[in-house]
Amino acid sequence: MQITLEKLDGLERRLDITIPSEQVESKVKVKLHKVAAKAKMPGFRPGKVPFDVIQKNYGASARADVLENLIQNTYAEGIRQEKLNPAGRPNIKIISSDPGKPFEYSATFEVYPEVKLNDFKNIEVEKTIAEIADADVEEMLEKMRKNHVTWNEITDSAHKSKSGDQLTIDLTVKPITDDEKAEPITNKDVKFVLGDGHMWVDFEKHLYDLSVGDEKKYTLQMPLTHSDKKLAGKETEFTVKVNKISAPILPELNDEFALKMNIKDGGIAK
């Protein structure tokens with residue numbers, strides 16, 4: 001067997017492998033003899049089918065199996081011989097597979113790059129020092145409070161929705177179109193916080209200064225990037241009914257809050 005390695009562009013490599021015809025034909029005959037021992041054909045007893053008949057009926061499939069096994073085994077041998085580290089499966093190209101002639105094929109693949117590390121003792125590293133000011137601490141504590149907010153339903157009918165309130169609404173969306181099959185889409189009890197940036201600004205700017213029970217209808221041009229293809233880029237009618245308005249209650253910065261943050265000793269000061 002002959003194995004030749006060629007380096008192509010970048011990390012690409014190609015193995016050209018040639019296997020003598022005698023080796024191939026020998027394996028094909030062994031394969032056919034195994035088939036002949038079990039073959040059942042009309043007019044012959046099991047295992048008594050003439051070899052030329054076996055060769056005529058099973059020769060092509062036996063050769064295909066032999067060549068497939070040869071590719072697997074010789075490719076692996078070529079990888080070991082050339083000490084390569086393939087990064088994926090090879091692209092196999094058969095060059096010659098005619099009976100009586102050497103079997104030739106090529107395997108093209110990429111290899112992992114060789115990484116050589118420098119001596120770390122000679123590397124200079126700039127040490128970054130972070131300074132934490134009192135303002136940074138206060139900002140983080142405030143974020144922690146907001147992450148543990150609870151909501152208290154406002155029962156005062158005179159209360160008007162404002163930034164920071166949590167609204168619970170029924171929302172109906174309908175594209176304005178001549179298509180009679182266009183059906184409105186309704187979602188019940190949708191919750192969101194006014195002004196926290198999670199909702200579309202153009203959508204929620206109409207929902208300030210509303211009370212529980214109020215219903216508001218307005219139209220908007222939907223963005224072309226909207227996930228619903230039926231609505232993307234279309235003039236759309238929104239109907240919003242306010243079911244509930246809730247005000248945020250932030251936890252106090254005390255030792256009880258510190259305990260919730262898994263600070264078992266030292267309280268809020270720690």
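Which residues does Ser161 touch, not counting residues up to four places away in sequence?

Modeller: The model is predicted, so local features need pLDDT of at least 70 and side-chain atom pairs count only at pLDDT 80 or more, while totals for chains, interfaces and linings use all residues. Numbering runs from 1 along each chain as its sequence is written, and side-chain values use heavy atoms, with hydrogens and water left out.

Ser161 touches Leu167, Leu194, Leu207, Tyr208, Asp209, Leu210 and Ile245, leaving aside residues up to four places away in sequence; contact means heavy atoms within 4.5 Å. Ser161 sits in the loop between β5 (150-153) and β6 (166-175). Helices (H or I, at least four residues) and strands (E, at least two) are DSSP runs, numbered from the N terminus. Ser161 counts as buried because its relative accessibility is 5%; buried means under 20% relative accessible area, exposed over 50% and partly exposed in between, with a 1.4 Å probe and protein chains only. A polar atom of the Ser161 side chain lies 2.7 Å from the backbone oxygen of Leu207.

Gly47, in the loop between α1 and α2, is partly exposed at 32% relative accessibility. Its contacts, again leaving out residues up to four places away in sequence, are Ala36, Ala37 and Ala39.

Next comes helix α2 (residues 51-82). A kink of about 65° is centred on Tyr58, where the bend at a residue is the angle between axes fitted to the seven residues ending there and the seven starting there. The buried residues of α2 include Gly59, Val66, Leu70 and Tyr75, and what covers the buried residues of α2 includes β1 (2-7), α1 (21-38) and β4 (103-110).

The aromatic rings come last. Rings of Phe, Tyr and Trp (its six-membered ring) pair if their centres lie within 6.5 Å; planes under 30 degrees apart count as stacked, over 60 as edge-to-face and the rest as tilted. The count by this rule is six aromatic pairs. Tyr75 and Phe109 are edge-to-face, with 5.7 Å centre to centre and 80° between the planes. Tyr75 lies in helix α2 and Phe109 in strand β4, so this pair ties together parts 34 residues apart in sequence. Phe109 is buried, at 3% relative accessible area. Tyr218 and Phe238 are stacked, at 5.8 Å centre to centre and 15° between the planes. That pair links strand β8 (residues 215-221), which holds Tyr218, with strand β9 (residues 235-249), which holds Phe238. Tyr218 is buried at 7% relative accessibility, and Phe238 is buried at 5%. Phe192, Phe203, Tyr218 and Phe238 form one aromatic cluster.

Methods:
A polar contact is a pair of N or O atoms within 3.5 Å; within protein, one must be able to donate a hydrogen and the other to accept it, and residues adjacent in sequence count only if both atoms are side-chain atoms.
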